[in-house]
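Student: I would like a close look at one part of this protein. Please take me through its aromatic rings, step by step.

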Amino acid sequence: MRTLVLAAALGISAALASCKGGLSEPAPPPPPETAAHAQPPPTVAGRVDSLLRARWQAGGVTPAPRVDDAGWLRRVHLDLVGTLPSPGAVRSFLADASPDKRARAVDALLASPAYAERWTTYWERELLGPDARNPFVDRTELRRWLREAFVRNAPWNEMATQLVSAVGTNSPDGDDRSDVNGAVNWLLRYQKSPADLAGQVSRVMLGVQIQCAQCHDHKTEKWTQEDFQRFAAFFARTRPEPVDTMTGMRIRRVSVQDGAKPAPAMRRDAELRRAIRLEPRTLDGTELEALSGHLAPGQAAPDRRQALAAWMTSRENPWFTRAIVNRMWSLFIGRGLVDPVDDLRSSNPAAAPEVLDALATDFAESGFDLHHLVRLLTSLESYQLEARHPAGAPGDAALWSFHPLEPLPPDVLLDAVIAAGGLEPVLEEVTGADLMDLRGQLRRHYAFVFDVDEESHPETFDGTVPQALLLQNGPLVSGASSLVPRGALEEVLALPDRAARIEALYLRTLSRSPTPAETARWSAFLDRPRQAVESSGPLAAARERKRKGVPADPLGRYARRVPSRATTAEQQAYEDLFWALVNSSEFVFNH
């Protein structure tokens, strides 16, 4: 039954699977912004818009229409805070006639705890990978460090400096946090291979891939093996020193410091022994002794990593600001100005170098303010466009003439399902103190099943069998769409009439009201004759997978504790409707 319902639901948003399709007339351009405090200087956004319009005109490209308010609100929530707007937030936003409401919405999201949590999750995954199995790495402490930085909107150059030059203890001893520095856990991720750490620092912070020169001179780029070795020499003396001699601890506590001699790992690595004897040198050829010019007046001579961080984050650095601006552009607007985002090189030029230059200059002048950059990107014309073109109109994804259509990242999809189903209180009730642990397990599970290459930009997205099974039969989606105590459907069914219930389900899942045709179609579906079926619980699929030997979903052990209360045919029909909306392409994509 639910497979047939899903097929009907996909008709809601089949046009979203393509960047072409019929559209209504574009909305009129927005009125001038009135909240000057919430926007970057108009000349910056205006200049970027003008530069892109010129490229569209030169290429004969017709930009997509401007997205409507409901679509924009859903998009900006998914991008900034990684979850869906509440039905109340959608209604309030649509009722607001203020010309600056989009800017004010961005400000409100930037100030919310969910913003810090969303970007903490993103950078934890970027820095540590999906599952860093390392007894020295305390992911919780790195998350704590990242969250604190995003809460106070720490400048990006400060965050980068602290990550690259971090010293201190990786994990607390009970309540003793006197020497804990969560940032050292990124360094410890590569504590057995300083060469790998050097490659990651270059890739993540500078957008430059030098790792190919680790074993030989780069075949097509200027990087030589000596360039790599001299860059790796900045980390040759970084080492973890044991703090505890106890065994059986979950995290092995160590203190990260720079010693007077190279780390033992460097001496054991035959390919990097030469780096021990070489003086460190940055990617632009600056020797260690010359790096004092990057220090602030009166600052003491730095150690190697401090010197590297000072050079790396200086405004004169040709890569630092461009790397983060290009990464954020890719996340908000679509394909990077340089693609892939971590491959800034002369033989891979920016698609719009004048746009990259303007954004990088503005970001540096803002004091490396990430909030400022987010405000700027979300105010651009390209961010305001629909995710599809009118029939027959030429578009160009490489010129950002329409918004990208992207599957939700695993952690965002997980939070969207929980938000749509109102599952937070349900999970709290059935898990108690295990809730945070359960969310962590679910994040890893979803990341494993839904992990996608964010830089691949596929022309189509077909999904995989495990992804389809997890959404259609997994206990989380089944539980979210079921009539369970304190869940969303219980609240929806308390509404007085069918039209209001259908609209409430649309607002919870797709963040918009249904069209008259959709209301009519679902009304006919609910009117269809049917018999109630005996349910073994919305999460019983987990037990069936266990019987068949399929790896268990982390939520499976709570299945018996969340039984569905849908006993009538009508209640079960609403469950099917809810389930179909959560499984629709319009729900699982950002558009």
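Student: Does F368 count as buried or exposed, and at what relative accessibility?

Tutor: Keep in mind that this is a predicted model. F368 counts as buried, because its relative accessibility is 4%. The cut-off for buried is under 20% relative accessible area.

Now look at the partner ring. F320 has a relative accessibility of 0%, so F320 counts as buried too. The centres of the F320 and F368 rings lie 5.8 Å apart. Their planes meet at 55°, so this pair is tilted. Why give two values? A pair of aromatic rings is described by the distance of the centres and the angle of the planes.

Next, find the two residues along the chain. F320 belongs to helix α15, which covers residues 320–332. F368 is in the loop between α16 (353–365) and α17 (370–379). The two residues are 48 apart, and their pair links distant parts of the chain.

Step back to the other rings. The structure holds 13 aromatic pairs. Some rings join into a cluster through such pairs: Y115, W119, Y122, W123, W156, F332 and Y383. Pick out Y383 in your view. The charged end of R75 sits over the Y383 ring, 5.7 Å from the ring centre. Another arginine is placed over a ring as well. The charged end of R189 sits over the ring of Y190, 5.1 Å from its centre.

Now set these rings in the whole protein. The protein has 28 helices and five strands. Three strands form an open sheet in the order β1-β3-β2, with antiparallel pairing. The edge strands are β1 (168–169) and β2 (238–242), and each pairs on one side only. Strand β3 covers residues 254–258. Two bridges join β1 to β3, and these strands run antiparallel. To find the spot, look for T169, which stands opposite S255 in β3.

Finish with the totals. The protein has 591 residues, and 54% of them count as buried. F320 and F368 both count as buried. Take the contacts between residues at least 6 apart in sequence: 73% of these join residues at least 24 apart. The accessible surface comes to about 25,900 Å². Carbon and sulfur atoms account for 53% of that surface.

How values were computed
Residues numbered from 1 in each chain as written. Predicted model: local features only at pLDDT ≥ 70, side-chain atom pairs only at ≥ 80, totals over all residues. Heavy atoms only, no water. Pairing = 2+ DSSP bridges. Helix = DSSP H or I, 4+ residues; strand = E, 2+ residues; numbered from the N terminus. Phe/Tyr/Trp six-rings, centres within 6.5 Å; stacked < 30°, edge-to-face > 60°. Buried < 20%, exposed > 50% of the residue type's maximum accessible area, 1.4 Å probe, protein only. Lys NZ or Arg CZ within 6 Å of the ring centre and 35° of its normal. Contact = heavy atoms within 4.5 Å. Areas by Shrake-Rupley, 256 points an atom, 1.4 Å probe, with all protein chains shown as cover.
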